[in-house]
Amino acid sequence: MEFNVPDMSCGHCAGVITKTVRQLDAGATVTIDLPAKKVTVETAQDRQTVVDALTEAGYPTH
């Protein structure tokens with residue numbers, strides 16, 4: 001799954017996003033492209049669950 005996260009602007013943001021996804025699925029793979037503001041996630045969770053968790057953490061996706 002790929003997400004555009006326009007509010008992600010620094011390493012701290014990337015860390016929060018990674019931690020949020022891994023709380024949903026400890027085995028998830030999270031790849032951050034900070035300059036492009038893109039997050040790629042490989043997880044067993046469905047897309048809406050990931051979107052909801054990121055939004056709740058303060059990083060709504062578009």
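Cysteine 10 is partly exposed, at a relative accessible area of 30%, where partly exposed covers the range between buried (under 20% relative accessible area) and exposed (over 50%), computed with a 1.4 Å probe on protein chains only. Cysteine 13, by contrast, is buried, with a relative accessible area of 6%. The model is a predicted one, in which local features need pLDDT of at least 70 and side-chain atom pairs count only at pLDDT 80 or more, whereas totals for chains, interfaces and linings use all residues. Residues are numbered from 1 along each chain as its sequence is written, and side-chain values rest on heavy atoms, with hydrogens and water left out.

With a disulfide taken as a pair of cysteine sulfur atoms within 2.5 Å, the count comes to 0 disulfides. Cysteine 10 is in no disulfide, the nearest cysteine sulfur, that of cysteine 13, being 3.4 Å away; this separation is too far for a bond.

Threonine 43 lies in the loop between β3 (38-42) and α2, helices (H or I, at least four residues) and strands (E, at least two) being DSSP runs numbered from the N terminus. The side chain of threonine 43 reaches the backbone nitrogen of glutamine 45 at 3.1 Å. Leaving aside neighbours within four places in sequence, threonine 43 is in contact (heavy atoms within 4.5 Å) with Met1, Asp25, Ala28 and Val50.

Glycine 58 is found in the segment after α2 (47-56) and is partly exposed, with a relative accessible area of 40%. Although glycine 58 and valine 16 are 42 residues apart in sequence, their C-alpha atoms are 9.3 Å apart in space.

Note on methods
A polar contact is a pair of N or O atoms within 3.5 Å; within protein, one must be able to donate a hydrogen and the other to accept it, and residues adjacent in sequence count only if both atoms are side-chain atoms.
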